[in-house]
Amino acid sequence: MTTVGIIGSGQIGMTVARLAVRAGHRVVLSNSRGPETLVGAVAELGAQATAAASVDAASAADIVVISVPVTAFGNLPVAALDGKTVIDTCNYGPERDGPIPELDDASITSSTLLQQRLPGAAVVKAFNSIFHKHLFALARPAGADDRSVIPIAGDSDAAKSAVTGLFDSIGYDTFDAGSLADSWRQETGTPVWGTPYGPYSDEQGASAGADAIRAALAAATR
Ligand SMILES: NC(=O)c1ccc[n+]([C@@H]2O[C@H](COP(=O)([O-])OP(=O)(O)OC[C@H]3O[C@@H](n4cnc5c(N)ncnc54)[C@H](OP(=O)(O)O)[C@@H]3O)[C@@H](O)[C@H]2O)c1
């Protein structure tokens, strides 16, 4: 059993929490407003879930999911994330997050920015390229013919291995998309972002295997 800390318990954070609880893991939810605002979410998830301040969710976790607006990167509990495997689900959008020059000129990826803010953590970009309703609907047991694949990118092989193990338990295979510098290939608007899993209008989504994800990553341009 893994303890998954969730920093940002919104659409994606709660979807990961639901899948993790279903797979038998513990989750510790957090958000910007405090654990008292997550009473309903904890009640929905049941006895394997608790809520805490972000610093305590990070401290308690084996793996931490950061699922916040990029503008919140400056408010994360840096010390508590030292030594942790961190899953970065986040997408940058200047219309929502305001301009960030080093992202606008593509000199670094948004996951590299997060890694710079969390120097003691091992950041793995994942879940950023799948709509939350598809993430929930497409989970399948290991070995299922229609099991979907999710791209992951990071600089630590150990962290990518830990993330792959977690994903396997909650219903997904992973595809190694390279380093954090390579993760632009799965950022907003790229071919692998959303499209392989079908249109948002179909909440059940469409399964996407390794060949589809490999081809979509290879088709990315900038
Ligand atoms: N929605 C999707 O299908 C989807 C898919 C892939 C990737 N993403 C990306 O994943 C990230 C989260 O998206 P979302 O749609 O789940 O967003 P969301 O529903 O708006 O939830 C955002 C969460 O972040 C929390 N938060 C904000 N600032 C925080 C801070 N400083 N510390 C702790 N928690 C903080 C919010 O807490 P409060 O409510 O208390 O403020 C809220 O729980 C975004 O970067 C998004 O682009 C989303």
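The model is predicted. A shell of 23 residues surrounds the ligand. The largest nonpolar core holds 68 residues. Helix α1 gives the most to the shell, and α1 also gives the most to this core.

**Around the ligand**

- The closest residues to the ligand are G8, G10, N31, C90 and N91.
- By type, the shell divides into 15 polar residues, seven nonpolar and one charged.
- Helix α1 spans residues 11-22 and supplies three residues of the shell.

- Strand β7 covers residues 149-154.
- Five of its six residues are buried, so the strand is mostly covered.
- Strand β6 (residues 122-125) runs antiparallel to β7, and two bridges join them.
- On that side, V124 stands opposite G154 of β7.
- Strand β8 (residues 173-176) runs parallel to β7, with four bridges between them.
- To get from β7 to β8, the chain passes through helix α8 (residues 157-170).
- This β-α-β crossover is right-handed.

**The largest nonpolar core**

- Within the core, I6, L29, V86 and V124 touch the most other members.
- Helix α1 contributes six residues to this core.
- Which residues does V86 touch, leaving out those up to four places away in sequence? They are V64, I66, L81, L118, A121, A122, V123 and V124.
- As a general rule, nonpolar side chains in soluble globular proteins tend to be buried together.

**Helix α6, largely enclosed**

- Helix α6 runs over residues 110-117.
- Why is α6 called largely enclosed by the rest of the structure? Because six of its eight residues are buried.
- The buried ones are S110, S111, T112, L113, L114 and Q115.
- These buried residues pack against β5, α5 (101-104), β6 and β7.

**G74, out in a loop**

- G74 is found in the loop between β4 (63-66) and β5 (85-88).
- Is G74 buried or exposed? G74 is exposed, because it has 8 other C-beta atoms within 10 Å, and a residue counts as exposed at 12 or fewer.
- G74 and L114 are 40 residues apart in sequence.
- In space, their C-alpha atoms are 9.0 Å apart.
- L114 is one of the buried residues of α6, whereas G74 is exposed.

Key:
Residues are numbered from 1 along each chain as its sequence is written. This is a predicted model: local features need pLDDT of at least 70, side-chain atom pairs count only at pLDDT 80 or more; totals for chains, interfaces and linings use all residues. A residue is near a molecule or strand if its C-beta atom, placed from the backbone, lies within 6 Å of it. Ala, Val, Leu, Ile, Met, Phe, Trp, Tyr, Cys and Pro count as nonpolar, Asp, Glu, Lys and Arg as charged, and the others, Gly among them, as polar. A residue is buried if 20 or more other C-beta atoms lie within 10 Å of its own, exposed if 12 or fewer, and partly exposed in between; C-beta atoms are placed from the backbone. Two strands pair if DSSP finds at least two bridges between them. A crossover is right-handed if, with the strands pointing away from the viewer, the path from the first strand over the helix to the second runs clockwise. A nonpolar core is a set of buried Ala, Val, Leu, Ile, Met, Phe, Trp, Tyr and Cys residues joined through C-beta atoms within 7 Å. Two residues are in contact if their C-beta atoms, placed from the backbone, lie within 7 Å.
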